Amino acid sequence: MLLYLARRLFQAVVVMLVVSLIAFVLFRFVGDPVTQMLGQDATAADRARVAAALGLDQPAYIQYLRFLEQAAHGDFGRSLKLGRPVAELLAERVPATIELSLFAAGLAILVGVPLGVRTAIVRRGLVSRSLLTLSLVGISLPTFFLGVLLILVFSVTLGWLPSYGRGDTVALGWWRTGFLTVDGWRHLVLPGITLALFQLALVLRLVRAEMLEVMRTDFVKFARARGLKPAAVYFRHALRNALMPVVTIIGLQLGSIIAFALITETVFQWPGMGLLFAQSVAFADVPVMAAYLCLIALVFVTINLVVDLAYLAIDPRLRDGRLTTSVKGT
Amino acid sequence: MALLEIRDLAVDFVTRRRRVRALDGISLDIDAGEIVGMVGESGAGKSLTGAAVIGLLVPPGRISGGEIRLDGQAITGLGEAAMRRIRGRRIGTIFQDPLTALNPLLTVGEQLVETITTHLPMSRAAARKRAIALLEETGIPSAGRRIDHYPHQFSGGMRQRVVIALALAGDPQVIIADEPTTALDVSVQAQILDLLRRLCRDHDAAVLLITHDLGVVAETADRVAVMYAGRIVETGPTAAIMGRPRHPYTAGLMRAIPTVGDLRPRLAQIGGAMPRPGALPHGCAFGPRCPAARPDCTAAAPVPIRHGDVLVACRHPDLTEAA
Ligand SMILES: Nc1ncnc2c1ncn2[C@@H]1O[C@H](COP(=O)(O)OP(=O)(O)OP(=O)(O)O)[C@@H](O)[C@H]1O
Ligand SMILES: [Mg+2]
């Protein structure tokens, strides 16, 4: 098991190195930082001085190592557009994205899993069939379209919910949360649903498919043949086994929720990292872009590791590793 | 009155387009303390009979005729909730494949305790004691420690003992064992059959032992029911049937048993294949494969006729040659 973990950890490090290399190439070769800092008509001497100060006269691999070292300390330089340290900018924006993503993921799981179970247990019937059709719609509807549609109906036409920003927030140390105010929750509803719907539909269909699969297995039939109550058969035996692959997908989806929050944040002007990134692309604000790239990669890699650990927690067969897969003899 | 009585049971698969009869006129009694072996080749309807008895036919299959009585009380037509209280509590089921019958994510103790507390008014602590006792009874060494192990930590034979312990958890009067040894090594098979015999005696249970292996039946069962294409073609005491099979299908099955030390290829396989339900030939379903068929065999399905202790559904049982 330790070997397994070590291998996963090693993979994670490799992925991070590759991404940081891409970020570095972007950082170093897209645009010309010296020109951006000094303007077009600086003298050659000035340019050389600034280039040396930035370490641009060193060989590329030295520069990459320095980039790595600084990145490891959270130092991605200053935003070209805003002139403030990138790390500071991102730290300000992280809470908004995390809270939106958590809300969306929670919604997708808390609604998607029970509905998936329901449609697996009661396969016929109007409710199950409509849910399945709706879930198809949820999967195929583009996020920005859904966002605009919701704004049109609930903000513009009905005027029930705000469509812009986070609303009132409360500071908990450096973390500004919208979870503690009514206004914050009201602002969360529309972007939260927009971000959640695709994931919800995915979770529903996945849970349903896995449940149907597991309910055909011998151990579920045996559980029935022992006269266990339906709740025990469905949840203790079937759902638990069905959740194995679901946990993986949900975990990986959490990464994409955070990454794809970008679109939702843009539609709803939600002041998160995604919006910051979208704005920095427009200005070719390379340090911000590079930092965002590394951060998202870190999120994905971390989530992958957590999913692996969750597997170990759920499945006793993995916990023992290959050491005691079977005790031979009768 | 037998503990389990099956009377004229018929099972149909009903779809919008057609209705296929998969079991027809199944009648069988099993007394307390008795093992009845049910044999027949694949697709004969053995598992279907077991599923009908515990009320777990998979749609579109359903009981469309006859009656099943448990201790004198009809259980056909009971609602799902009532049926659930019979399953595991009064009729225990042993599954074929011990590798897939246990939930891999729960310890055997968790699965036992949950089954016990579902059926018997016991605290968890008492249920755990009973679970350990059951594991000991089914022959699992150091049961007090093994109870907290997961299924994958047991060998195939040991797992089958766990499956049997689970089937016994609610102290049922009737046990249906569907091919309990098919998935096991020959040496382990004998042990499991021994265990089954002992449990039947100690619990005074009625056991329906389903198998396609007449050798297993000869060793274990008090009585035999031979199934062919959804019907019982011959039934009676094991010794009587093994000594003198009257139905040509039974005789064919017996010739197919490899005897110990006999390394010749099995010459006497029955030629042809068993017809599927819904595609039965006219008259006797075995007719087209029968070495002793006569023109009148295609007239109508033969009704069972009594010969001493044995019931045979064949018009010409005297033409059958013994093994
Ligand atoms: N949904 C269905 N529709 C029609 N026929 C079915 C359906 N399900 C099962 N059957 C038929 O029921 C018959 C009896 O099957 P059953 O499982 O009882 O056989 P078995 O005697 O237990 O065989 P085996 O030794 O392979 O376990 C088979 O011939 C099968 O084709
Ligand atoms: Mg079968």
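A salt bridge here is a side-chain nitrogen of Lys or Arg within 4 Å of a carboxyl oxygen of Asp or Glu. By that rule there is one salt bridge across the interface of chain B and chain A. Its partners are Arg236(A) and Glu114(B), with the closest N and O atoms 2.6 Å apart.

Now the ground rules. This is a predicted model, so local features need pLDDT of at least 70 and side-chain atom pairs count only at pLDDT 80 or more, while totals for chains, interfaces and linings use all residues. Residues are numbered from 1 along each chain as its sequence is written, chains are lettered from A and ligands numbered from 1 in the order in which they are written, and side-chain values use heavy atoms, with hydrogens and water left out.

Back to the interface. Contact means heavy atoms within 4.5 Å, and on that basis 34 residues of chain B and 29 residues of chain A take part. Buried area is the accessible area (1.4 Å probe) that two parts lose on being put together, summed over both. For chain B and chain A that is about 2,800 Å², with 59% from carbon and sulfur atoms. On the chain B side, Phe95(B), Leu105(B) and His152(B) lose the most area to chain A, together 25% of what that side buries.

Next, chain A by itself. Helices (H or I, at least four residues) and strands (E, at least two) are DSSP runs, numbered from the N terminus; chain A has 13 helices and two strands. The C-alpha trace of chain A spans about 85 × 65 × 35 Å along its principal axes. For residues, buried means under 20% relative accessible area, exposed over 50%, and partly exposed in between (1.4 Å probe, protein chains only). Of the 330 residues in chain A, 39% are buried. Among contacts in chain A between residues at least 6 apart in sequence, 72% join residues at least 24 apart.

What covers the buried residues of α9(A)? The cover includes α8 (182-215) and α10 (230-268) of chain A, and also β6 (91-94) and α6 (156-168) of chain B. The buried residues of α9, which runs over residues 218-225, are Phe219(A), Val220(A), Phe222(A), Ala223(A) and Ala225(A). Just after that helix, Gly227(A) has a positive phi of about 75°.

In chain B, helix α1 (residues 46-53) has six of its eight residues buried, Lys46(B) among them.

Last, the charge pairs. The whole structure holds 20 salt bridges over all chains. One of them joins Arg166(A) and Glu99(A), at 2.6 Å from N to O. Arg166(A) sits in the loop between α7 (143-157) and β1 (170-172) and Glu99(A) in helix α5 (residues 86-121), so this pair ties together parts of chain A that are 67 residues apart in sequence. Both residues are buried.

In chain B, Glu41(B) pairs with Arg289(B), the closest N and O atoms being 3.0 Å apart. Glu41(B) is in the loop between β3 (35-39) and α1, and Arg289(B) in the loop between α10 (248-255) and β11 (305-307), so here the parts tied together are 248 residues apart in sequence. Glu41(B) is partly exposed at 23% relative accessibility, whereas Arg289(B) is buried at 13%.
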